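Good morning, colleagues. Please take a moment with the sequence and the structure, and then I shall go through some of the features one by one.

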Amino acid sequence: MQRIRLRYTKRGRLRFTSHRDFQRAFERALRRAEVPMAYSAGFTPHPKVSYANAAPTGTGSEAEYLEIALTEARDPEQLRLLLDESLPAGLDVVEAVEARTSGLADRLTASVWELRLDAVDPADAERAVAAFDAAETVEVQRRTKNGVRTFDARSAVVSLESAATTDDVPADRPTDRPCAILRLVVRHVTPAVRPDDVLSGLRAVADLAPPVPAAVTRLAQGLFDEETGAVTDPLAPDREAATPEPHPAPAAAAAKAPA
């Protein structure tokens, strides 16, 4: 059995698809691409697909991951192209590697998010970020199926900063209003702290309330490096394991044999 790990995106209007919507679309793509999938045993066998830490509905993402199990070996890049062609535009398969290490889900310990706040003055956003960073705890509430839950949104946030705006304004965003952009690095903890929880925290500590919903995009997710503060590529260990090590040149003889 061969295992392939994929990175895919949710862009544009497809960010509003739920995880279940994506699962259905992806399984249709597997059938269209005639991927030799391995199936589970039992009365209702299903393709062996492992999804890892899917982004919330309504958020875009450049870094979603999953793993599939095949009954026949396939070239990862050719498989990526076939699947990408079989998915709607916006759900794009951008990387594929053969799984040569274990624990992909264990390497997804943090995410980098971008929050685009239309009609928010960047100076107001900077003041709110400073108040959030200075707080020891920021309690927020979230409604769950078991009722309203209160938790600290500050402890999971590694960094929060105001980023410079760019001229690349999405087509569905107004251009005649001020705009603030925030960059957020958050650890994956329990309960999960989501970008909307951080926005609730900014409202609690600095009364920052964007008049329109924030456009949220996950830029990266992976293992958090404590030394550098960076979120590393979770597929890098598989690529490195697939690279053959160079064979050392034979050492020169230390001395000539006697005549």
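Predicted model: local features only at pLDDT ≥ 70, side-chain atom pairs only at ≥ 80, totals over all residues.

I begin with a pair of strands. Strand S6, residues 139-144, and strand S7, residues 147-152, run antiparallel and are joined by six bridges. The two strands form a hairpin, with two residues between S6 and S7. Within this pairing, Gln141 stands opposite Thr150 in S7.

The protein chain has 259 residues, of which 41% are buried. Its secondary structure comes to five helices and 10 strands. What share of the contacts between residues at least 6 apart in sequence join residues at least 24 apart? The figure for the protein chain is 76%.

Is Ser86 buried or exposed? Its relative accessible area is 14%, and because the cut-off for buried is under 20%, Ser86 counts as buried. A polar atom of the Ser86 side chain lies 2.9 Å from the backbone oxygen of Leu82. Leaving aside residues up to four places away in sequence, Ser86 touches Ala29, Arg32 and Ala33.

How many cavities of 30 Å³ or more does a search of the whole structure find? The search finds one. The largest cavity has a volume of about 40 Å³. Strand S1 (2-10) and helix H1 (19-32) are the elements that give two or more residues to its lining. The residues that line this cavity are Tyr8, Lys10, Ser18, His19, Phe22, Ala54, Ala55 and Glu64. By class, four of the lining residues are nonpolar, two are polar and two are charged.

Finally, an open site: the second largest pocket. Its volume is about 180 Å³. The lining of this pocket consists of 15 residues, and those nearest the centre are Asn53, His188, Ala192, Val193 and Arg194. Which strands each supply at least two residues of the lining? They are strand S5, residues 110-118, and strand S9, residues 179-187.

Terms used:
Residues numbered from 1 in each chain as written. Heavy atoms only, no water. 1 Å grid on protein atoms, 1.4 Å probe; cavity = no way out; pocket = protein on both sides within 12 Å on 5 of 7 lines; lining within 4 Å. Points joined across faces, edges and corners; volume = space filled by probe spheres on them. Helix = DSSP H or I, 4+ residues; strand = E, 2+ residues; numbered from the N terminus. Pairing = 2+ DSSP bridges. Buried < 20%, exposed > 50% of the residue type's maximum accessible area, 1.4 Å probe, protein only. Polar contact = N/O pair within 3.5 Å; in protein donor to acceptor, adjacent residues only side chain to side chain. Contact = heavy atoms within 4.5 Å. Nonpolar A, V, L, I, M, F, W, Y, C, P; charged D, E, K, R; others polar.
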